[in-house]
Amino acid sequence: MTVLLGGNGLLGLVLICVLVIYYFLLRAPSIRRNDIPLRKPPNTLPIAGNGLLFLQDREKLFSWFVKCERYFGLETFQITVPTLHPGVVINDPSNLDYVFKHEGIFAKGNFVKQRSWDLFGDGIINADGELWKAQRKAGSHFLSTSNLRVLTDVALPRYLNRSIENLGERAKNGEIVDLQLVFHDITSLLMGKMAYDMEMHADDDFTVAFEHASGVVTGRFQNPLWFITEIFTGFGFRKSLATVRRFGLGIVDNAVDGHRKSTESLAQTDDVNGNRLDKVSGSLIQSLLASLGSQQKLVADAALTYLTAGRDTTAQALTWCLYLLMRNNFAMERIRDEAQGLLKTKGLDIQQPGSDGDTSSSNFAPTFLPYTMAVFYETLRLYPPIPFEIRECEQATTLPDGTFLPEKAIIVWSLWAMNRSRITWGEDANVFNPERWLTEDGKLITKSASEFPVFYGGPRTCLGRRMAEIIATQVIATMALAFDFTPAYEGERVSKTSLTLPMRDGLPCYVKNRAPDYT
Ligand code: HEM
């Protein structure tokens, strides 16, 4: 025990006392199915339950969830962590469907909010009721069809072409390039400009601080005594939070200032695309200001939550996608064939980049590239950017499989494990196989949210799915046509501790120009 707590004997003693008090005084109210207690994972300890397991490295935890899914199949099983309310793990899509459809019963609850409050405050991910509605409405306005057209026609080609030019130069110099940073920069610039009318980059102070804070918050879900250990270890966290908060308030100040300036002088130029982009710029933060009023801290929370929801998830998905494509050259070649074929049918030999974009980006819209979309979905299946979900029962309820859950019970599902289920995905569930997403005549197969929950489901389904898909097909197809990528690392890549799924140490690779006209 003392080893677990970094050799601190006093903390070890505190932990043992808490465990004993918990065991004798606060034992869980019962979760059951047909009046029988649920099965527990093998190796569940008498007092510590599964608590020690959650202190492990996340890769081991991911594997444990996969092992449990193989062991229990679709059966809901119980987990116990000292000091916490009783919990279950679900793997059955019909139970998940029930969760998605009963938002009022399965809330984030105190369990999630207490841990993530420092980072997200009342941002949409944590908000309920009117606060949630107001932020969702602002987001729907930002992600409207007309704004997404500006993304496709102007913003994305502009930032993607700049990135391709830059990569082309670095390729000529034989540099090793971290693709995770490249993708993060594209999504930072996109979200920065369109949502907040600010120039944002992947390596600015805020991003580094946010990643650090996100890692600490994730640790809180694994360590039931986080509020004690953070007294000793939380200095870096508090520093990161201060940077994050400063940045959030900076977004709000910039928006208030920008709004004043733009209403003073709405100068239009002859640059039609530039004008289109300028009209959309900052539309998310302006909508948030309009709907949440003058509460600066609240608007800042909302802005930061949208930023991580939109920017980090998408950049991470692209990173894992290129990682998988480097390991599966057959898929890279098929993407190239599909993209070339599409350009030929449109009478374009190769897309013209480097002109600050603003043209032809809709060539690579998701509907025209089913194979590329299949690769993207297969990536999200194997590397879901949000790998775990946790909810708390606001009231007692019974799942479709007959599992009774008392009020306050915790319900967990691991997308990492569900997406590797042989029952749902077949014997080759662990294998990267984009074909599983296509019909015999090459059309994209759609899956229900409960079978493929990477974008969540029900009323709180991801608002930015369409945006992510537009960015994905455009970036993947363009990169595949422009460059050959070779790994500059050995072995497999894993993720680092975070609420999402960043790749640990990035994705370093060698880049070679394919089409000379690209640079
Ligand atoms: C591949 C990329 C993406 C994935 C896998 C993804 C996944 C998810 C998931 C799983 C949730 C539910 C989170 C929770 O409440 O626990 C969610 C919510 C959300 N996502 Fe995404 N997302 C992606 C991209 C985006 C983009 C580009 C945006 C645009 C800004 C966005 C905006 C949101 C918002 C606003 C919510 C909160 C919805 C609500 O609570 O009503 N997402 N997303």
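Helices here are DSSP runs of H or I with at least four residues, strands are runs of E with at least two, and both are numbered from the N terminus.

Before going on, two notes. This is a predicted model: local features need pLDDT of at least 70, side-chain atom pairs count only at pLDDT 80 or more, and totals for chains, interfaces and linings use all residues. Residues are numbered from 1 along each chain as its sequence is written.

Now the whole chain. It has 18 helices and 12 strands. Of its 519 residues, 44% count as buried. Buried means 20 or more other C-beta atoms within 10 Å of the residue's own; exposed means 12 or fewer; partly exposed is in between; C-beta atoms are placed from the backbone. Take the contacts with a separation of 6 or more: 77% of them join residues 24 or more positions apart. A contact means two C-beta atoms, placed from the backbone, within 7 Å.

Next, the sheet. Strands of a sheet pair through backbone hydrogen bonds, either parallel or antiparallel. Here, two strands pair if DSSP finds at least two bridges between them. In what order do the 5 strands of the open sheet run? The order is β3-β4-β10-β7-β5, and the pairing is mixed. The edge strands are β3 (77-79) and β5, each pairing on one side only.

Let's walk in from β5. Strand β5 (residues 106-107) pairs with β7 (residues 388-393) in the antiparallel sense, over 2 bridges. There, F106 stands opposite C393 in β7. Then β7 pairs with β10 (residues 410-414), also antiparallel, over 5 bridges. Here E392 faces I410 of β10. Strand β4 (residues 87-89) pairs with β10 in the parallel sense, over 3 bridges. G87 has I410 as its bridge partner in β10.

Helix α6 (residues 145-172) has 28 residues. From first C-alpha to last, α6 reaches 39 Å, close to the 40 Å expected at 1.5 Å a residue. That expected span is 1.5 Å times one less than the number of residues. Where is the kink in α6 centred? On L151, with an angle of about 45 degrees. The bend is the angle between axes fitted to the seven residues ending at a residue and the seven starting there. After α6 comes G174, whose phi is positive, near 70 degrees.

Last, two aspartates. Both have positive phi without being glycine: D197 near 55 degrees, and D505 near 65 degrees. D197 lies in the loop between α7 (179-196) and α8 (205-222). D505 is in the loop between β11 (483-487) and β12 (508-513). Buried or exposed? D197 is buried, because 23 other C-beta atoms lie within 10 Å. D505 counts as exposed, because it has 12 C-beta neighbours inside 10 Å.
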